Amino acid sequence: MKTIRAPLSAEEVRKLQVGDEVLVQGVVYAARDAAHRKMIENLDKGEPLPFEIPGQIIYYVGPCPAPPGQVIGSAGPTTSGRMDSYAPALIEQGLKVMIGKGKRDQGVVEAMVRHGAVYLAAVGGAGAYLSKRIISAEVVAYPELGPEALRKLEFKDFPCIVAIDAQGNNIFENVNDKPQKAI
Amino acid sequence: MRRIQSNDVKERVRQAVLTANTQLPEDVLLALREARLRERSSRAAGILDIILENAHLAETEGIPLCQDTGMVVVEMELGSQLLVEGDLEAAINEGIRTGYQEGYFRASVVRDPLNRINTGDNTPAIIHTHLVPGDGLTINLLPKGAGSENMGQVAMLKPSQGLPGIKDFVLKVVTEAGPNPCPPIVVGVGIGGNMEKAALLAKEALLRPLNQSNPRPDLAVLEKELLGMINATGIGPQGLGGDTTALGVNIEVYPTHIASLPVAVSLSCHATRRIKIEL
């Protein structure tokens, strides 16, 4: 079992291989559809992003509200493919790790190979379990987006599997796209 | 004519959404446990262990199984001899609004598909009403996450494509969806009717417990055959490979036009949440 913690260099990220089990520790930024759209608008206008992105990790999640006494509500990964149109620009800015569920498109994989980034799969639908691996959470930008606001999280032993590595090896290419013909 | 108050409906819906989002139906839990015992891939078995631990945590701590507490689909059977005093649909939405706030569930509904401003209270629900004989009221609630919902499809097949065409289409939908709908999935298939009827049948198929086959023997056989074919794809839990791609396939059928063979597939994730209220 490997452990990663931001900030990460391209060299560190390139050591991770498809299929590796990884525990993520420390600071992770939570962002999904609407926060990504806002970040890309910031970049298009030449404005800075709400956080220093080089070497960082983004988790595709829109958590449930935190019940009293808890730091966060249920918080499993959302479908990463919806962030495919935004991800290459963030990877270009220095984003090193994305955590989500499901496949990525070719544009994302090419950006990952070019700049040295990795895509991790977390267990979708295990939001209660994964919320116990998040030890702090605060909204750092776009609070008007509610569950989609940009959050700074702190992970402890958050379990993931390397789904696409920085060499472009893709776990989904081995198990999917086997067209099945009916008899 | 029997009379009930819409406020009673609101209260039952409030309680039901709290239960549905934190407790897996017994049949789904059983199917997951059985799949775990059969699973030969160690990675897949590890994922199924996390999914089972997640269900245990959610139930014991009363926290949602998944952060996507869904847009609520309501399948309602309203007896024609029943008078609901007050606004029935408003009462259902009010029950959802209060239940979701009380449970600290996520608000996942936007007011307008283009402007996309969150309504803040997870309403409105999507309500389908069937008028039935008698004086009862049955409300099925299906908090449906979008990860799986987005992977559903409808095909207007030619009648000549028949059973092979139906099987090909179901396999195509599941294969294209791959990891996105959070496998192991539940597959609802609607065959017949027209375009929207097939889609509705597919959704209604998801309401049937996994340990109940279609009462028609030929359809029960087809359900088993499709389940075998889907699990043979090797997509596996989370699409990361394994024996367990689906927990069950449920089929519903309806008469159709001489020129039509509509088929709809609605996918539901391993956290298939549903609850039935009877008033």
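**Exercise 1. The interface**

What is the area buried between chain B and chain A, and what percentage of it do carbon and sulfur atoms give? Work with the predicted model above.

*Solution.* 
Step 1. Start with the general idea: the size of an interface is often given as the accessible area lost when the parts come together.
Step 2. Between chain B and chain A, about 3300 Å² is buried.
Step 3. Carbon and sulfur atoms give 62% of that area.
Step 4. Now count residues. On chain B, 41 residues are in contact with 40 residues of chain A.

**Exercise 2. Links across the interface**

Find the salt bridge between the two chains, then describe the side of chain B that touches chain A.

*Solution.* 
Step 1. The rule finds one salt bridge across this interface.
Step 2. Its partners are A:Lys132 and B:Glu61, with N to O at 2.6 Å. The cut-off is 4 Å, so the pair qualifies.
Step 3. Look for helices on the chain B side. Helix H3 (42-61) and helix H6 (162-177) of chain B each supply at least two residues. H3(B) gives the largest share, nine residues.
Step 4. Sort that side by class: 20 nonpolar, 14 polar and seven charged residues.

**Exercise 3. Salt bridges within a chain**

*Solution.* 
Step 1. Recall that side chains of opposite charge can pair when their charged atoms come close. Over all chains, the count is 24 salt bridges.
Step 2. In A:Asp20 and A:Lys2, the closest N and O atoms are 2.8 Å apart. A:Asp20 sits in the loop between helix H1 (10-14) and strand S2 (21-30), while A:Lys2 lies in strand S1 (residues 2-5), 18 residues apart.
Step 3. Check burial. The limit for buried is under 20%, so A:Asp20 at 16% counts as buried. A:Lys2, at 34%, is partly exposed.
Step 4. Move to chain B. B:Arg274 and B:Asp27 pair at 2.9 Å. B:Arg274 is in the loop between strand S9 (261-268) and strand S10 (275-278), B:Asp27 in helix H2 (residues 26-38), and 247 residues separate them. Both residues are buried.
Step 5. B:Arg216 and B:Asp218 pair at 2.7 Å. B:Arg216 is partly exposed at 42%. B:Asp218 is partly exposed at 42%.
Step 6. Finish with a network: salt bridges that share partners join A:Arg32, A:Asp33, A:Arg82 and A:Glu148.

Conventions:
Residues numbered from 1 in each chain as written. Chains lettered and ligands numbered in written order. Predicted model: local features only at pLDDT ≥ 70, side-chain atom pairs only at ≥ 80, totals over all residues. Heavy atoms only, no water. Contact = heavy atoms within 4.5 Å. Buried area = accessible area lost by both parts, 1.4 Å probe. Salt bridge = Lys/Arg side-chain N within 4 Å of Asp/Glu carboxyl O. Helix = DSSP H or I, 4+ residues; strand = E, 2+ residues; numbered from the N terminus. Nonpolar A, V, L, I, M, F, W, Y, C, P; charged D, E, K, R; others polar. Buried < 20%, exposed > 50% of the residue type's maximum accessible area, 1.4 Å probe, protein only.
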